[in-house]
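Subject: Structure handover

Hello,

Here is the structure I promised to pass on. Please look it over, then read my notes below.

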Amino acid sequence: MQDAHLLVVSSRHETFSLSAAEALMCGTPVVSTPLEVAREWCSEEDCMVASGPTASDLARAMSMAFVREWDRSAMSARAAERFASSHCHAGYWEVLRTFIQN
């Protein structure tokens, strides 16, 4: 994954992308269709979100991402912080507590 130019996430469904998380941890930028959840697992510094859901929208975003200068080491550091097990465990615990309390 560290040798990849980009990872492309093409989906119409809201989901967490384990492949995208892996790419970001390796400092590989992500290009995604416009999913709200994509904004949860990446930022503008890490990801190029297509303007729309069509193949041509995604192709334009890929073209822009190929020529952009990405700070891959900073991207990897941000992903390591974002996906740290302590954060994931705390978030998961909060979801469980919400269900238990209701």
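The notes below go from the overall fold to the core, then to the salt bridges and the surface.

**Ground rules**

This is a predicted model: local features need pLDDT of at least 70, side-chain atom pairs count only at pLDDT 80 or more, and totals for chains, interfaces and linings use all residues. Residues are numbered from 1 along each chain as its sequence is written, and side-chain values use heavy atoms, with hydrogens and water left out.

**Overall fold**

The protein chain has five helices and three strands. Helices (H or I, at least four residues) and strands (E, at least two) are DSSP runs, numbered from the N terminus. Read along the sequence, the pattern is β-α-β-α-β-α-α-α. The C-alpha trace spans about 50 × 30 × 20 Å along its principal axes.

Of the 102 residues in the protein chain, 32% are buried. Buried means under 20% relative accessible area, exposed means over 50%, and partly exposed is in between (1.4 Å probe, protein chains only). The protein chain exposes about 6,600 Å², and carbon and sulfur atoms supply 56% of that. These areas come from the Shrake-Rupley method with a 1.4 Å probe; for residues, only the protein chains shown count as cover.

Now the contacts, meaning heavy atoms within 4.5 Å. Take those between residues at least 6 apart in sequence: 49% join residues at least 24 apart.

**The core**

The largest nonpolar core has 24 residues. Such a core is a set of buried Ala, Val, Leu, Ile, Met, Phe, Trp, Tyr and Cys residues joined through side-chain atoms within 4.5 Å. L24, V30, V31 and W41 have the most contacts inside this core. The elements giving two or more residues to it are β1 (7-9), α1 (18-25), β2 (30-32), α2, β3, α3 and α4. Helix α1 gives the largest share, four residues.

V30 shows how the parts meet. Leaving aside neighbours within four places in sequence, V30 is in contact with L7, V9, A20, A23, L24, W41, D46, C47 and M48.

Which residues of α1 are buried? They are A20, A21, A23 and L24. They cover an arc of only 160° around the axis, so they sit on the same side of α1. The arc is that of the directions from the helix axis to the C-beta atoms. Elements covering these buried residues include β1, β2, α2 and α4. Just after α1, G27 takes a positive phi of about 80°.

**Salt bridges**

Side chains of opposite charge can pair when their charged atoms come close. A salt bridge here is a side-chain nitrogen of Lys or Arg within 4 Å of a carboxyl oxygen of Asp or Glu. By this rule there are three.

D46 pairs with R78, with the closest N and O atoms 2.7 Å apart. D46 lies in the loop between α2 (38-41) and β3 (47-49), and R78 lies in helix α4 (residues 72-82), so the pair ties together parts that are 32 residues apart in sequence. D46 is buried, at 0% relative accessible area. R78 is partly exposed, at 27%.

D46 also meets R82 in a salt bridge, at 3.1 Å from N to O. R82 is in helix α4 as well, so this pair ties together parts that are 36 residues apart in sequence. R82 counts as partly exposed, at 24% relative accessibility.

D57 and R60 form a salt bridge too, with the closest N and O atoms 2.5 Å apart. Both lie in helix α3 (residues 55-67), three residues apart, about one turn of the helix. D57 is buried at 11% relative accessibility, whereas R60 is partly exposed at 46%. Shared partners join D46, R78 and R82 into one network.

**F66 and the surface**

F66 is also in helix α3. F66 and H5 are 61 residues apart in sequence, yet 7.4 Å apart in space, C-alpha to C-alpha. Leaving aside neighbours within four places in sequence, F66 is in contact with H5 and L6.

On the surface, W93, L96 and I100 form a nonpolar patch with about 320 Å² of accessible area together. Patches are made of residues with over 30% relative accessible area and no salt bridge: like charges are joined within 9 Å, nonpolar side chains (Val, Leu, Ile, Met, Phe, Trp, Tyr) within 5 Å. W93 sits in helix α5 (residues 85-101). W93 counts as partly exposed, at 45% relative accessibility.

Best wishes
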